[in-house]
Amino acid sequence: MRNIILVLWILLFLFPCYSMGEDFMGVPLIPNSKIISKGDKDIQFVVNMSHDQVLKFYKDVLKGQADIRIREWKDSTYIEDDGNRKWHSITIYRKPINDGIKVVIKKDNWTWIMGTLILRYVGVFFVLMTLFIALSVLGKIVSTIVKKIESKQES
Amino acid sequence: MTINEIMDMLKGILYTTGIFNFDYRVIVMWGVAWFFIYLAIAKKFEPLLLLPIGFGIFIVNFPLVPLMGYSHGHPELIEAFYHYGLQWEIIPCIIFLGLGAMTDFGPLIANPKTLIIGAGAQLGVFVTFTGTVLAGFTLKEAASVGIIGGADGPTTVYLTQHLAPQLLGANALAAYSYMAMVPIIQPPIMRLLTSKEERKIRMKQLRPVSKKEKILFPIVTCGIIALLVPSVVPLMGMFMLGNLMKESGVVNRLVETAQGSLMNISTIFLGVSVGATMSAERFLSWKPLFIFGLGLIDFAVCTAGGIFTVKIMNLFLKDKINPLIGSAGVSAVPMSARVSQLEGLKADNTNHLLMHAMAPNLAGVIGSAAAAGMFIAMFD
């Protein structure tokens with residue numbers, strides 16, 4: 001009985017730690033981070049850690065979760081959710097600013113989905129337009145050459 | 001030997017039969033299988049694919065059949081076809097090689113502006129993506145469902161296997177079913193979106209295309225696609241290789257194999273493997289049914305997208321394009337081109353649109369591959 005009470009006391013003592021652990025759209029914020037801005041759509045904070053430490057923190061947090069993609073960009077590491085989570089991306093900047101590394105977490109949004117879809121649809125047009133131009137040029141060149149050869153043969 | 005021992009032995013034997021492991025859900029799947037076998041045999045809807053798919057669904061939906069699992073560490077029969085053929089993304093590419101060896105790109109080379117119709121007809125792919133995300137699918141699943149509207153079986157299989165293999169059976173079945181139903185689905189949409197005058201538009205006869213152009217086409221196309229959408233080069237590279245083999249005229253034996261035996265063997269493995277992925281526990285949920293419903297809308301929007309693209313192009317063109325060929329931008333080669341021809345003949349029985357419609361039809365194949373490439377690039 002004494003042990004159970006002890007465990008309950010420990011749990012009660014630890015509970016505020018969990019409840020005070022901040023998160024944005026289900027993504028935990030790194031403890032002791034300094035929030036620069038927080039809105040409905042995104043949160044920006046700075047944390048006194050290196051880029052690799054921040055990346056490791058979020059890799060550990062998201063370990064084993066499906067549909068998570070990590071992209072290494074020149075100026076940042078971009079963690080993206082391709083599943084159905086409330087958040088869309090976590091951007092961890094490489095270059096330290098005054099107080100440490102800047103992290104931006106963005107809410108999943110239709111602007112991104114629609115934007116990328118429209119761009120990709122335009123992309124399909126771009127691919128086929130390029131082919132169209134190439135084929136038109138090729139057609140003109142080849143038919144000119146063929147005509148020349150034919151006229152030479154006739155003469 | 002006592003009676004109890006005999007009974008135990010009997011029990012042991014009976015428990016290895018399917019009867020004692022029977023699940024009522026398989027009966028529903030038999031119904032689905034028989035329906036597709038019926039469509040293939042009685043209605044002749046895409047029989048080359050629907051028949052093996054139907055039979056694949058049928059045999060995999062029996063309890064304890066050693067077909068889609070692993071025994072003693074080795075893949076069972078259809079699991080081996082599925083693993084090496086589809087999971088390794090080999091079969092769709094081999095089928096594209098065969099398709100390339102069968103295809104004459106002459107109409108497209110003679111009228112390259114129809115490539116734009118092939119792009120316009122991918123509208124449904126992107127619209128469906130949105131609808132699928134709204135319904136709670138993941139982005140990868142949404143992309144794989146969206147591509148159904150491209151009406152290109154191998155591309156659908158390739159993309160789905162790449163992004164959402166759990167939907168392979170449902171997506172492939174929806175794609176091939178709707179491709180088979182092109183003559184039923186497209187004509188009402190075509191008539192609804194075009195006026196009588198538009199349907200009577202006569203198109204200028206296509207110029208003859210030289211052999212040199214036909215040989216250069218696969219090389220140039222492959223190069224451009226490899227530069228712009230490298231993720232679909234396994235598909236398009238094989239497609240263009242098949243076409244180059246055909247047009248070069250120097251490897252007839254290879255062409256015969258690619259468009260004959262190799263293609264037929266791949267089709268058997270593709271059909272039966274896709275069918276076998278549709279076990280009752282996977283198929284009997286809301287997702288496959290939703291995919292079937294949305295696939296139809298996808299197809300309709302793609303058809304409309306092609307027609308609208310022609311209408312927009314006609315605003316700027318001196319030589320007008322008959323909007324009936326816009327619907328052929330949804331691939332489904334050559335079925336949708338034939339539908340354009342038939343609808344054209346209904347409006348004017350001397351107006352033959354088949355060769356004109358073949359151009360956007362082939363552009364649709366390239367367009368849907370480009371769309372698939374865009375999606376792969378989005379997630380890789």
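Which side chains meet in a salt bridge at 4.0 Å, N to O? They are those of A:D67 and B:K140, a salt bridge being a side-chain nitrogen of Lys or Arg within 4 Å of a carboxyl oxygen of Asp or Glu. The count between chain B and chain A is one such bridge.

Before going on, keep in mind that this is a predicted model, where local features need pLDDT of at least 70 and side-chain atom pairs count only at pLDDT 80 or more, while totals for chains, interfaces and linings use all residues. Residues are numbered from 1 along each chain as its sequence is written, chains are lettered from A and ligands numbered from 1 in the order written, and side-chain values use heavy atoms, with hydrogens and water left out.

Now step back to the whole interface. Chain B brings 42 residues to the contact and chain A brings 33, with contact meaning heavy atoms within 4.5 Å. Together they bury about 3300 Å², 81% of it from carbon and sulfur atoms; that is accessible area (1.4 Å probe) lost on putting the two parts together, summed over both. On the chain B side, B:F126, B:M374 and B:M378 lose the most area to chain A, together 17% of what that side buries.

What about chain A on its own? Read along the sequence, chain A runs α-β-β-β-β-α-β-β-β-β-α, which comes to three helices and eight strands. These are DSSP runs numbered from the N terminus: H or I of at least four residues for helices, E of at least two for strands. Of its 155 residues, 31% count as buried, meaning under 20% relative accessible area (1.4 Å probe, protein chains only).

Terms used
Buried means under 20% relative accessible area, exposed over 50%, partly exposed in between (1.4 Å probe, protein chains only).
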